[in-house]
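Biologist: I'm new to this one, and I'd like a tour. Let's take it one question at a time.

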Amino acid sequence: MTVASSTLDEARRSVARACHGLAGEGLLIGSAGNVSVRVGEHVAVTATGVVLGQATADDVIVVDLDGEVVAGERVPTSELELHLGIYRRYGAGAVVHTHSPQATAVSLVLDELPCVHYQQLALGGAIRVAPFAVFGSSELAAETLTALEGKAAALLANHGAVTHGPTLEAAVDNALLLEWACGLYVRAATLGAPRVLDHEQQDAVVAAAVRRGYGR
């Protein structure tokens, strides 16, 4: 086995493990959603129709950046164009797409999730909602790529959510953070209109984090 093939095999296993974790958190339900990680000029991505909480490495397909299958016996997810588009435009290391309950609920109502908590700044602040488009379509990919400009996350109207990050762990963490922020908004909205952090307040948080060396 070459180093390249062993690296890709580990990538396939890591995607399956990420699926298990996301399913355990309730973000991936049944076969709804998909996960990928980039390894050089290849992408390991979940196959279509996989029950993601039970995914194995064999349920993860390896494609090149043109979408041609180079390893695996199954068909890649219908959202492959979306994943590849994020890698090409934003240089991401991994992508997570979910139909998670809180994020999807927000996508049914809002055109943008406002920045209601400073932890959202890790995702880019307010999160745009891409207009509805049919799953697996070029239109959906294009609308989502636009919504992701300057952000690590986007909501897809009447559909779900997408996050990306430099690593698979970061993309998963971003998916969890987005779901938390959406849940926070949903719960607050039952009490009244949620207060939103304005740009001055957001800048103050960023300055404080830099000054304190937060996260180092």
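Biologist: In which helix is W180 found?

Modeller: Before that, a heads-up: this is a predicted model, where local features need pLDDT of at least 70, side-chain atom pairs count only at pLDDT 80 or more, and totals for chains, interfaces and linings use all residues. Residues are numbered from 1 along each chain as its sequence is written, and side-chain values use heavy atoms, leaving out hydrogens and water. Helices (DSSP runs of H or I, at least four residues) and strands (runs of E, at least two) are numbered from the N terminus. On that count, W180 sits in helix α5.

Biologist: Is W180 buried, partly exposed or exposed?

Modeller: Buried means under 20% relative accessible area and exposed means over 50%, with partly exposed in between (1.4 Å probe, protein chains only). W180 has a relative accessible area of 32%. Because of that value, W180 is partly exposed.

Biologist: Leaving aside neighbours within four places in sequence, which residues is W180 in contact with?

Modeller: Contact here means heavy atoms within 4.5 Å. W180 and Q119 are 61 residues apart in sequence, yet 9.9 Å apart in space, C-alpha to C-alpha. With neighbours within four places set aside, the contacts of W180 are H117 and Q119.

Biologist: Moving to α2, which of its residues are buried?

Modeller: Helix α2 covers residues 80-90. What covers its buried residues includes β1 (33-39), β2 (42-46), β3 (60-64), β5, α4 (138-147) and β9. The buried ones are L80, L82, H83, L84, G85, I86 and Y87.

Biologist: Which secondary structure elements each supply at least two residues to the lining of the largest cavity?

Modeller: On a 1 Å grid over the protein atoms alone, a cavity is a set of points where a 1.4 Å probe fits but cannot get out, while a pocket is an open set with protein on both sides within 12 Å along at least five of seven lines; lining residues have an atom within 4 Å of a point. Searching the whole structure turns up 1 cavity of 30 Å³ or more. Its lining is L27, V96, T98, S100, A103, A161, V162, T163, A175, L178 and E179. The elements giving at least two residues each are β5 (94-98), β9 (160-165) and α5 (168-189).

Biologist: How much space lies in the largest cavity?

Modeller: Grid points are joined across faces, edges and corners, and a volume is the space filled by probe spheres set on the points. The lining divides into 7 nonpolar, 3 polar and 1 charged (Ala, Val, Leu, Ile, Met, Phe, Trp, Tyr, Cys and Pro count as nonpolar, Asp, Glu, Lys and Arg as charged, the others, Gly among them, as polar). The space inside is about 40 Å³.

Biologist: What volume does the second largest pocket have?

Modeller: It is lined by 15 residues, with S31, G33, N34, T77 and S78 nearest its centre. That lining splits into 3 nonpolar, 11 polar and 1 charged. The volume is about 180 Å³.

Biologist: What phi does N158 have?

Modeller: N158 is found in the loop between β8 (153-156) and β9. It counts as partly exposed because its relative accessibility is 49%. Most residues other than glycine have a negative phi. N158 is not a glycine, but its phi is positive, at about 55°.

Biologist: Last one: which residues is E143 in contact with, leaving aside neighbours within four places in sequence?

Modeller: E143 lies in helix α4, and it counts as partly exposed because its relative accessibility is 26%. Beyond its sequence neighbours within four places, E143 is in contact with A130 and P131.
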